[in-house]
Amino acid sequence: MRLEQLGLTQQDIKDKVAKYMIDTYERFPFVADKTKDMYIYDVDGNAYLDFYAGIAVNSAGSCNEKVVAAVQEQVADCIHTFNYPYTIPQALLAEKICTTIGMDKIFFQNSGAESNEAMIKMARKYGVEQFGPNKYHIITAKHSFHGRTFGAMSATGQPDNACQVGFGSMTPGFTYADYNDLDAFTAAVTDETIAILIEPVQGEGGVHPATMEFMTGLRKLCDEKGLLLLLDEVQTGWCRTGKVMSFMHYGIKPDIVSMAKAMGGGMPIGAICATEKVSSAFTLGSHGTTYGGNPVSCAASLAQINELLERDLAGNAEKMGKYFMTLLKTLPDVKEVRGQGLLVGVEFNTVKAFDIKHTCLDNKLLITSIGSNIIRMVPPLILTKEHCDTAYTIIKEAVEEALIKEGTK
């Protein structure tokens, strides 16, 4: 759609959003018109270097040509059916994902939150059916984030976060323990515990990767106690961290893993993969979805995953992540740079992350902020050194400007 064809202005669009849409987002002041590769273009033709990547979605580049072609071809044949007939894209995608990451079974969903919800349901049902009616307790990490549906937000270890405040009691059956603290997770295990659920890298929690000792220790703990290890790879999955899945950095395998975001290339899709044994908890009628496994989304996902693998974008994420983080460590006022591949966070000593984000926006770089002093970047995995250099220069200027305003420079 084009404004000139509709006879509308940018302000008309903003006014319609203000009048008719429920306001839960911080809106940027531009109207997006087109996206391509590393950039979002507004209706005036301004190019914004996008280090959001649609929030870790456009990993093979925005409007990737092969993903677009797959969508266009499939949408002409079958936009939607339901999950009783077989569809070709769904079957091919199921095989591709399971064989690529070494898991047995897959269940398709529409989003990351729904995938985490399905993972929680599967683990609880497995525990109750195998061990008794009280075997559904799950330990998650403090400062985690697992989504905004009720089970997923109850699993989120941020009781004071806006995603939990004001909704009444959370779903029972969750306990939070300190991330990267194996002793804390061990101490939290009870006779009713069935699973441990973590993100391999905490994104919303400030970009904290799991240590090798923590991750391998959790796998060992679960094996010894007969627990399930659940990994939320909604953000880290599909080449973001320098491996196809983040768990591959640690030489372990989960019992269930969730995924979404990058696997769809911009189309809404998520999934959980599980071992044969645990997946048997889902039987006829125990879980379902209308749109999950939609043929258009599956066709897009298959094209996206092939692009990520064939172009070795995991390798590029590892290479560019190291280069970019090395640059970022030279920024003024830096306390710490953390990350895995191209999931990158910068924590500052005094400057406010919100100010940095908005100064970068003014200079056509899109990044996000976490809390008071952390910025986070998840750029497309087609990133080059030139993109890194451009982003670094804009961030550096923003930090220097903030320091001047603070009177510390």
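**Cavity, pocket and cores in a predicted model**

Biologist: How many residues of the lining of the largest cavity are nonpolar, polar and charged?
Modeller: The lining includes His80, Thr81, Phe82, Asn83 and Pro295. Ala, Val, Leu, Ile, Met, Phe, Trp, Tyr, Cys and Pro count as nonpolar, Asp, Glu, Lys and Arg as charged, and the others, Gly among them, as polar. On that basis the residues divide into 2 nonpolar, 9 polar and no charged.

Biologist: What pLDDT do local features need in this predicted model?
Modeller: Residues are numbered from 1 along each chain as its sequence is written, and side-chain values use heavy atoms, with hydrogens and water left out. In this predicted model, totals for chains, interfaces and linings use all residues, side-chain atom pairs count only at pLDDT 80 or more, and local features need a pLDDT of at least 70.

Biologist: What is the volume of the largest cavity?
Modeller: On a 1 Å grid over the protein atoms alone, a cavity is a set of points where a 1.4 Å probe fits but cannot get out, whereas a pocket is an open set with protein on both sides within 12 Å along at least five of seven lines, and lining residues have an atom within 4 Å of a point. Searching the whole structure gives 1 cavity of 30 Å³ or more. With grid points joined across faces, edges and corners, and volume taken as the space filled by probe spheres set on the points, the largest cavity comes to about 40 Å³.

Biologist: Which element supplies the largest share of the lining of the second largest pocket?
Modeller: This pocket has a volume of about 900 Å³, and of its 28 lining residues the closest to the centre are Asn83, Gln90, Ile106, Phe107 and His287. Helix H5 (88–101), strand S4 (105–109) and strand S12 (270–274) each supply at least two lining residues; helices (H or I, at least four residues) and strands (E, at least two) are DSSP runs, numbered from the N terminus. The largest share, 4 residues, comes from S4.

Biologist: Which residues touch the most other members of the largest nonpolar core?
Modeller: A nonpolar core is a set of buried Ala, Val, Leu, Ile, Met, Phe, Trp, Tyr and Cys residues joined through side-chain atoms within 4.5 Å, where buried means under 20% relative accessible area, exposed over 50%, and partly exposed in between (1.4 Å probe, protein chains only). Of the 82 residues in this core, the ones that touch the most other members are Trp238, Ile356 and Ile395.

Biologist: Where does tryptophan 238 lie?
Modeller: Tryptophan 238 counts as buried, at 0% relative accessibility. Its phi is near 60°, a positive value in a residue other than glycine, although most residues other than glycine have a negative phi. Tryptophan 238 is in the loop between strand S10 (228–232) and strand S11 (256–259).

Biologist: Is arginine 219 buried or exposed?
Modeller: Arginine 219 is found in helix H9 (residues 212–225), and its contacts (heavy atoms within 4.5 Å) include Leu227, Leu229 and Ile252. The side chain of arginine 219 reaches the backbone oxygen of lysine 253 at 2.8 Å. Because its relative accessible area is 12%, arginine 219 is buried.

Biologist: Which helix holds tyrosine 126?
Modeller: Tyrosine 126 counts as buried, at 6% relative accessibility, and touches residues including Phe131, Ile194, Leu228 and Val278. Tyrosine 126 and alanine 47 are 79 residues apart in sequence and 49 Å apart in space, C-alpha to C-alpha. The helix that holds tyrosine 126 is H6.

Conventions: Polar contact = N/O pair within 3.5 Å; in protein donor to acceptor, adjacent residues only side chain to side chain. Lists of a residue's contacts leave out its neighbours within four places in sequence.
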